[in-house]
Amino acid sequence: MNKRNNRLFKMSCTAMFAAMIFLLTRFVSVPVAAGYVHFGDALVYIVASTLGGAWAIFAAAIGEALADIASGWFTYAPATIIIKSLIALIFVAANKKSEKILTPITALLTIPAGVITVAGYFAADIIIDRAYAVVNIPGNLIQATGSAVIFILLAASFDAAKLKKKIFYR
């Protein structure tokens with residue numbers, strides 16, 4: 001694949017993944033306290049482990065922020081862009097060369113990703129509305145745990161089908 005076609009392929013994948021992250025965040029969710037628990041973060045981990053680079057970070061940030069805006073949580077969109085970018089960044093950095101999505105490292109990366117989620121939204125809540133800073137911690141912990149479990153299940157399934165190698169290694 002020449003350089004121009006590779007860039008077009010990555011741009012197309014970025015747009016598709018941003019849309020999928022938006023859909024899984026916005027429409028596959030369970031309301032809790034002052035927010036919701038969704039499946040979008042698990043896809044962020046997968047996208048960052050497959051597409052990689054700035055493309056994955058952009059897809060994560062845009063997909064999740066648009067879901068916040070569409071859900072009426074628009075004040076959280078700037079924080080979401082930062083938080084999801086950081087989460088995607090750690091997966092991108094760790095899984096560049098692996099032909100698998102689920103590795104011992106990516107499984108363990110769900111822990112710092114969870115810490116980034118909880119701490120990031122705690123900091124955002126301190127700025128946006130202090131009354132929810134502590135109240136939102138359990139929901140964010142549930143979000144992080146659910147994302148880790150969903151990621152591990154999806155990544156194991158995708159690896160069994162060798163999707164990363166079939167799609168991203170040409």
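Tyr 45 is buried (under 20% relative accessible area; exposed is over 50%, partly exposed in between; 1.4 Å probe, protein chains only), at 0% relative accessibility. The model is predicted: local features need pLDDT of at least 70, side-chain atom pairs count only at pLDDT 80 or more, and totals for chains, interfaces and linings use all residues. Residues are numbered from 1 along each chain as its sequence is written, and side-chain values use heavy atoms, with hydrogens and water left out.

Tyr 45 lies in helix H2. Helices are DSSP runs of H or I with at least four residues, numbered from the N terminus. Leaving aside neighbours within four places in sequence, Tyr 45 is in contact with Ile 87, Phe 91, Thr 110, Ala 113, Ser 147, Ala 148 and Phe 151. Contact means heavy atoms within 4.5 Å. Tyr 45 and Ala 107 are 62 residues apart in sequence, yet their C-alpha atoms are 9.8 Å apart. H2 spans residues 40–50 and is mostly covered, with eleven of its eleven residues buried. Gly 52 follows H2 and has a positive phi, near 70°.

Helix H3 covers residues 53–70, 18 residues in total. H3 reaches 26 Å from its first C-alpha to its last, close to the 26 Å expected at 1.5 Å a residue. The expected span is 1.5 Å times one less than the number of residues. Buried residues in H3 include Ala 56, Ile 57, Ala 60, Glu 64 and Asp 68. Just after H3, Gly 72 takes a positive phi of about 90°.

H3 packs against helix H4 (residues 77–94) at an angle of about 150°, with the axes 8 Å apart. The pair is therefore roughly antiparallel. Angles over 145 degrees count as roughly antiparallel, under 35 as roughly parallel, 65 to 115 as roughly perpendicular and the rest as oblique. Axes are lines fitted to C-alpha atoms, for helices over the stretch in contact, and angles run from 0 to 180 degrees between N-to-C directions. H3 passes H4 in a right-handed crossing. In a right-handed crossing the near helix is turned clockwise from the far one by less than a right angle; anticlockwise is left-handed. Among the contact residues are Ala 60, Glu 64 and Asp 68 of H3 and Ile 81, Lys 84 and Leu 89 of H4. The contact residues divide into eleven nonpolar, three polar and three charged. Ala, Val, Leu, Ile, Met, Phe, Trp, Tyr, Cys and Pro count as nonpolar, Asp, Glu, Lys and Arg as charged, and the others, Gly among them, as polar.

H4 also packs with H5, at an angle of about 165° and with axes 10 Å apart. H4 is therefore roughly antiparallel to H5. The crossing of H4 and H5 is right-handed. Contact residues include Lys 84, Ile 87 and Phe 91 of H4 and Thr 106, Thr 110 and Ala 113 of H5. This contact divides into 14 nonpolar residues, five polar and one charged.

Thr 106 lies in H5, which runs over residues 104–128. Thr 106 is buried, with a relative accessible area of 0%. Residues up to four places away in sequence not counted, Thr 106 touches Ser 49, Phe 91, Asn 95, Ile 101 and Phe 151. The C-alpha atoms of Thr 106 and Gly 120 are separated by 20 Å, at 14 residues apart along the chain.

Asn 5, in helix H1 (residues 3–26), is partly exposed at 41% relative accessibility. Asn 5 and Ala 54 are 49 residues apart in sequence and 17 Å apart in space, C-alpha to C-alpha.

Key: Helix = DSSP H or I, 4+ residues; strand = E, 2+ residues; numbered from the N terminus.
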